[in-house]
Amino acid sequence: MQTQLSSSKLNVTINHHGAELCSVINKNRTEFIWQAQPEVWARHAPVLFPIVGKLKNNKFNYKGQEYELNQHGFARDMFFECHERGKNSALFNLNSSQKTKQIYPFDFSLSIFYQLNEDNLSISYSVKNTSTENIFFSIGAHPAFKCPLHENEKWEDYYLLFENSEYVITQLTDGLISDEKQKTLFKSKKLFLTSQTFDNDALVFENSQIQKISLCSSITKNKVTLTSSNWPYFGVWSKKQSYSFVCLEPWYGIADRLSSNSKIDEKYGIIKLPSGQEFNAGYSIQFESE
C-alpha cells in the first residue's frame, strides 16, 4: 500500500511498509530517489529505529537480559498505519507490540509526518514513551538519491557540497565506531565523487558538524539539499563500487563503539526518554532541477 503527495513541482510516493519514501518525481519526469534494485541495494529511504547503525555482535543487554537486534532496527520492515492524509501531507504511526517487545523490550509510539511544499519535503519524527519506565532508543533517516540522475551523466560528475571546508570524520571498523578520527579538508567546500569515495564504508560525522549538505551535478542544475539542523550525527554512504546512489543520513544515534559493553542504557549516543514524554526531530529535503 502506498500514499501519494503532490505539489506544483513534485509527486511523492511513500510506502506504508516502513513508512518509506520511495519516489520523488518532478514535472520533467526526473526520479530523484534510488529505485531499490535488489541486486545492488534493495531499499529506498529506510527509517532507522530503535537503533542507528550496528550493535556489537548484533546484541544488546537490558536488565540482565540479552536481545538480538539487526543493524538499523526493525521499523523499516514493519507496516505503518496512515492516520491522516491530504494532498500534500501524510501521518504514519507504528506502536510497540508483543512482536516488537520480543526484540526490544520497551513500549513506544513512533509517528512520521511528511509535508510537501512545492520543491521541499519535510519529514518529522515523534517518539512517545507509552511505558511506565524510561525507554532508550535512537532514530535516523537513510534516504538514497539517484546518482547520476540521467543516462548522459557519470558518477564523477557529482559532488557533495558542504557548508564548511574542514571536518573531522570518524572511522568505522566492521561497522562499529572506532577511536580513530581523520581531519579532512574539502577544497571550495566540495567533495567530488570518485570510485574510492566509499571504499572504507560511510563517512561519519559526529558533534553536529553537518547542518546542511547538497548532492550536486557539475554539468546540470540538478541538486538535492538536505537540512537537518542540530542533529548530533550524520552519515554519507553508498554501497561500495555501485556508483548509482548516495545516501545522506541525519542521525539521532550512532553505531556501537568497538569498546561497547552492550548495555543499551549506557550505549553511546542513545536517547533516554522518561515515561509519558515525547521526543521530536525533523529534517527537510529540497529537490532542484533544470
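## Threonine 13 and strand β2

Threonine 13 belongs to strand β2, which covers residues 10-15, in what is a predicted model. Its relative accessible area is 10%, so threonine 13 counts as buried, the limit for that class being under 20%. Beyond the neighbours within four places in sequence, threonine 13 is in contact with Gln2, Thr3 and Gln4, and also with Glu20, Leu21, Cys22 and Ser23. Glutamine 71 lies 58 residues from threonine 13 along the chain, and the C-alpha atoms of the two are separated by 25 Å.

## Overall dimensions and composition

The protein contains one helix and 24 strands. Its C-alpha trace spans about 55 × 45 × 35 Å along the principal axes. The radius of gyration is 19 Å, which agrees with the value near 19 Å for a compact globule of 290 residues.

Of the 290 residues, 56% are buried. The accessible surface comes to about 13,000 Å², and carbon and sulfur atoms account for 42% of that surface. Among contacts between residues at least 6 apart in sequence, 64% join residues at least 24 apart.

In soluble globular proteins, nonpolar side chains tend to be buried together. In this model the largest nonpolar core has 76 residues, and those with the most contacts inside it are Phe137, Leu160, Val236, Leu248 and Phe287. Another core, of 16 residues, lies apart from it and includes Trp34, Ala202, Phe245 and Ala255.

Leucine 248 touches Leu160 and Val236, together with Pro143, Phe145, Ile213, Leu215, Leu226, Phe234 and Gly235, when residues up to four places away in sequence are not counted.

## Cysteines

The count of disulfides is zero. For cysteine 147, the closest cysteine sulfur is that of cysteine 216, at 10 Å, which is too far for a bond. For cysteine 247, the closest cysteine sulfur is in cysteine 147, at 11 Å, again too far for a bond. The cut-off for a disulfide is a sulfur pair within 2.5 Å.

Cysteine 147 is buried, with a relative accessibility of 0%. Cysteine 247 also counts as buried, with a relative accessible area of 0%.

## Cis peptide bonds

The peptide bond between cysteine 147 and proline 148 is cis, with omega about 5 degrees. Proline 148 is located in the loop between β13 (144-146) and β14 (158-161).

A cis peptide bond also leads from phenylalanine 49 to proline 50, where omega is near 5 degrees. Proline 50 lies in the loop between β4 (47-48) and β5 (59-62).

## Positive phi angles in loops

Histidine 72, which is not a glycine, has a positive phi near 70 degrees. This residue is in the loop between β6 (65-68) and β7 (81-85). With 8% relative accessibility, histidine 72 is buried.

Glutamine 241 likewise has a positive phi, about 65 degrees, without being a glycine. It is placed in the loop between β21 (233-237) and β22 (245-252). Glutamine 241 has a relative accessible area of 56% and is therefore exposed, that class being defined as over 50%.

## Glutamine 209

Glutamine 209 lies in the loop between β18 (203-205) and β19 (212-217). Its contacts, leaving aside neighbours within four places in sequence, are with Tyr167 and Val168. With valine 168, the side chain of glutamine 209 reaches the backbone oxygen at 2.7 Å.

Note on methods
Residues numbered from 1 in each chain as written. Predicted model: local features only at pLDDT ≥ 70, side-chain atom pairs only at ≥ 80, totals over all residues. Heavy atoms only, no water. Helix = DSSP H or I, 4+ residues; strand = E, 2+ residues; numbered from the N terminus. Polar contact = N/O pair within 3.5 Å; in protein donor to acceptor, adjacent residues only side chain to side chain. Contact = heavy atoms within 4.5 Å. Buried < 20%, exposed > 50% of the residue type's maximum accessible area, 1.4 Å probe, protein only. Core = buried A, V, L, I, M, F, W, Y, C linked by side-chain atoms within 4.5 Å. Rg over C-alpha atoms; globule rule 2.2 N^0.38 Å. Areas by Shrake-Rupley, 256 points an atom, 1.4 Å probe, with all protein chains shown as cover.
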